[in-house]
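Good morning, colleagues. Please look at the model on the screen while I go through its strands and helices.

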Amino acid sequence: MTDTPSRMLLLWCPDWPVLAAEIVDGVPATGPVAVLRANRVLVCSEQARAEGVRRGLRKREAQALCPQLTVVEHDPGRDASAFEPVVAAVEDLVAGVEVARPGACVVAARGPARYLGGEEAAAEQIIEHVAQTCAVESQVGIADGAFAAGLAARTGRIVPPGATPRFLADLPVEALGRPALADLLRRLGIRTLGGFAALPPGDVLARFGFDGALAHRLAAGRDHRPLAPRQPPADLTVTADYDEPLDRVDTAAFAARMLAERFHDRLTGHGLACSRLGIEAVTAHGQELHRVWRHDGLLTAAAVADRVRWQLDGWLSGTSRRSPVRQSGPTAGIVRLRLVPDGLIAQVGLQPGLWGEAGEEQARAHRALNRVQGILGPEAVVTAVLGGGRAPADQVRLVPWGDERPQTGSPRPTSLPRSGKAARSGAVSRSESGTRSGNVTRSGAGAGSGSGRAGGVGDPAIAPWPGRLPAPSPAVVLPSPLAASVRDVAGQPVGVSARLQLTAAPAQVLVDTAKPVEITGWAGPWPVDERWWAPDEGRRRARFQVSLADGTALLLAVEAGQWLVEAIYD
């Protein structure tokens, strides 16, 4: 990734999904047409825009504005197939064309500018040739870097060398094509690409992550290609030969998916990913076809399979309806298919996770868990959900995977005690007796504190759980509490009276059979008197947080004169 990006020429066909629907399905693009994705307008024709239809509108809203609107579902395969003749027409004049997406292709501007008489002359000749060959209107933008060239193509502009940062500075942040990032930037008061580019790169990376750092480079007018692209070694190319020529789209699509999986597995085995994909085909008559697909990011296995399928569909379905004389596809069935990676980088930050490759691990995990539930039952897969309760063990319950997860609040943060000096609180904490989920609870009569605040009884942030511990939550909750002993400075046992008063300040703790450890700070007690109306079920205990000289911190509880270690803080 360089700070002086190359001059790039990008050809853009406005409203391409609408034109593709006309080319493939015969939908008249001169009328009001809208292409929908997820029931929202993805792109619409000029006539539809004149009637008030805009991108992002729901189908019903668009039809209310324009009753005669023709609605077409988005089909990426159709868009790619219809765009193939356009790319072939550009290749008649220039070499090294890369498909950015259906409707846009990019090429280095230096070569066309030198042999076509300059950048402006090259742009005019390419636009005219595409119009004559494919009967498609297009616009060309030239700037430093493909991103800026794409924005320049929106207005058919040629940005002078070195002027790309100034050209981008006044554009809105929505031009980045990242709605979530643009919304966040606007809420932070940053409305233009220039304002975003002025932020320190280190702060942008820390706040917005890797994708935000790439967007920051785009806003500054620098090349956004992945770091250190290099030529792939020969053994990364994947080739497949077919005894029966591929002359049907369905058989070619199946072959494309198998080859794409081999291709992706080979790259992953070397810890690599690619941002550009070369697709080469050889027909039974010896004709060689080649196309390069460009992707803003790293190509996953599914993305590779889609682009190979789209390209084969474009070659095999062949001829544009607007130009029936031109044949851009093969003259016979395909007998050899080759995938060549380009723009290789190490998969830094996108290494395969626990469940598979980055970007797909969540869906794969969901499928695996659902399959286990289908075999063993819903209770075979459970997840932990935080809920109400006083003790850490009471606040976690297991919910079957896929069930609704209740939304729970969290108590206000506090800190563990750091001072060894006990400061007794004269406040008395009480809660009204009442029934909550069939459990009547009352708190103890008084609460003392060695350091920090006690209990939080009556605190609206943690109601309705009197006696609940404040944050932070312990890192480890022991399945079975450990017996402990708390002693004062004289080595005598420390107890808690019926009025929740400590008999002495705690000075050391012995856990199980370990040696005594000095207590450097403590907080509490947090008293709980549960089910006091049922003698056989009632429990009365008090909890303390203690920090020790060896750096650990424990959650202690005392019940019926016995000290227990319930949890350990990180």
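Which residue in S13 is the bridge partner of Val385? The partner is Arg397. Before I continue, please note that this is a predicted model, in which local features need pLDDT of at least 70 and side-chain atom pairs count only at pLDDT 80 or more, while totals for chains, interfaces and linings use all residues. Residues are numbered from 1 along each chain as its sequence is written, and side-chain values use heavy atoms, with hydrogens and water left out.

Val385 belongs to strand S12, residues 382-386. Helices (H or I, at least four residues) and strands (E, at least two) are DSSP runs, numbered from the N terminus. S12 pairs with strand S13, residues 396-400, in the antiparallel sense over five bridges; two strands pair if DSSP finds at least two bridges between them. Buried means under 20% relative accessible area, exposed over 50%, and partly exposed in between, with a 1.4 Å probe and protein chains only.

I turn now to the open sheet. Three strands make it up, in the order S3-S2-S4, with mixed pairing. Strands S3 (40-44) and S4 (70-73) stand at the edges with a single partner strand each, so one side of each has no neighbour in the sheet. S2, residues 33-37, runs parallel to S4, and four bridges join them.

What does helix H1 pack against? Its buried residues pack against S2, S3, S4 and helix H4 (76-91), where contact means heavy atoms within 4.5 Å. H1 covers residues 16-25, and seven of the ten are buried, so the helix is largely enclosed by the rest of the structure. The buried residues are Trp16, Pro17, Val18, Leu19, Ala20, Ala21 and Ile23. Just after H1, Gly26 takes a positive phi of about 75°.

Finally, I consider H4 and helix H6, residues 119-134. Their axes come within 9 Å and cross at roughly 130°; axes are lines fitted to C-alpha atoms, for helices over the stretch in contact, and angles run from 0 to 180 degrees between N-to-C directions. From H4, Pro85, Val86, Ala89 and Val90 meet Ile126, His129, Val130, Thr133 and Cys134 of H6. By class, this contact has seven nonpolar, two polar and no charged residues; Ala, Val, Leu, Ile, Met, Phe, Trp, Tyr, Cys and Pro count as nonpolar, Asp, Glu, Lys and Arg as charged, and the others, Gly among them, as polar.
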